[in-house]
Amino acid sequence: MLEVDTINSEIELLKAEHEKKLQLLQQLRNNTAQCEAEIHHLSGALAMCEKLLTMNTDNARKTK
């Protein structure tokens, strides 16, 4: 009976570890989605900065 109890305890530990890993995996997926959204936002901001820099350069050339 002791062996069965030991095996059952090991099974419960493995289940708990598995659940923890699933939770960590979900957190990684959520973090990935947030990072992708932030990259998209920053790409748009960078494109706007490039456009403004080009406009500024063009205006500087015109005023010389």
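This is a short tour of a predicted model, stop by stop.

**Whole chain.** Start with everything in view. The protein has one helix and zero strands. Select residues 2-63 to highlight helix 1.

**Surface.** Buried residues make up 0% of the 64 residues.

**Nonpolar patch.** Select L22, L25 and L28. Together they form a nonpolar surface patch with about 260 Å² of accessible area. Stay on L28, which sits in helix 1. L28 counts as exposed because its relative accessibility is 54%, and the cut-off for exposed is over 50%.

**Charges.** Colour the charged side chains next. There are 8 positive and 10 negative ones, and the centres of the two sets lie 21 Å apart. Two salt bridges are counted.

**First pair.** Select E12 and K15. They form a salt bridge, with the closest N and O atoms 3.7 Å apart. Both lie in helix 1, three residues apart, about one turn of the helix. E12 is partly exposed, at 48% relative accessibility.

**Second pair.** Move to D58 and R61. Their side chains meet in a salt bridge at 3.6 Å, N to O. This pair also lies in helix 1, three residues apart, or about one turn. Is R61 buried or exposed? R61 is exposed, at 60% relative accessibility. D58 is partly exposed, at 33%.

Note on methods. Residues are numbered from 1 along each chain as its sequence is written. This is a predicted model: local features need pLDDT of at least 70, side-chain atom pairs count only at pLDDT 80 or more; totals for chains, interfaces and linings use all residues. Side-chain values use heavy atoms; hydrogens and water are left out. Patches are made of residues with over 30% relative accessible area and no salt bridge: like charges are joined within 9 Å, nonpolar side chains (Val, Leu, Ile, Met, Phe, Trp, Tyr) within 5 Å. Accessible areas come from the Shrake-Rupley method with a 1.4 Å probe; for residues, only the protein chains shown count as cover. A salt bridge is a side-chain nitrogen of Lys or Arg within 4 Å of a carboxyl oxygen of Asp or Glu. Helices (H or I, at least four residues) and strands (E, at least two) are DSSP runs, numbered from the N terminus. Buried means under 20% relative accessible area, exposed over 50%, partly exposed in between (1.4 Å probe, protein chains only). Lys and Arg count as positive and Asp and Glu as negative; His and the chain ends are not counted. The place of a charge is taken as NZ of Lys, CZ of Arg, CG of Asp or CD of Glu.
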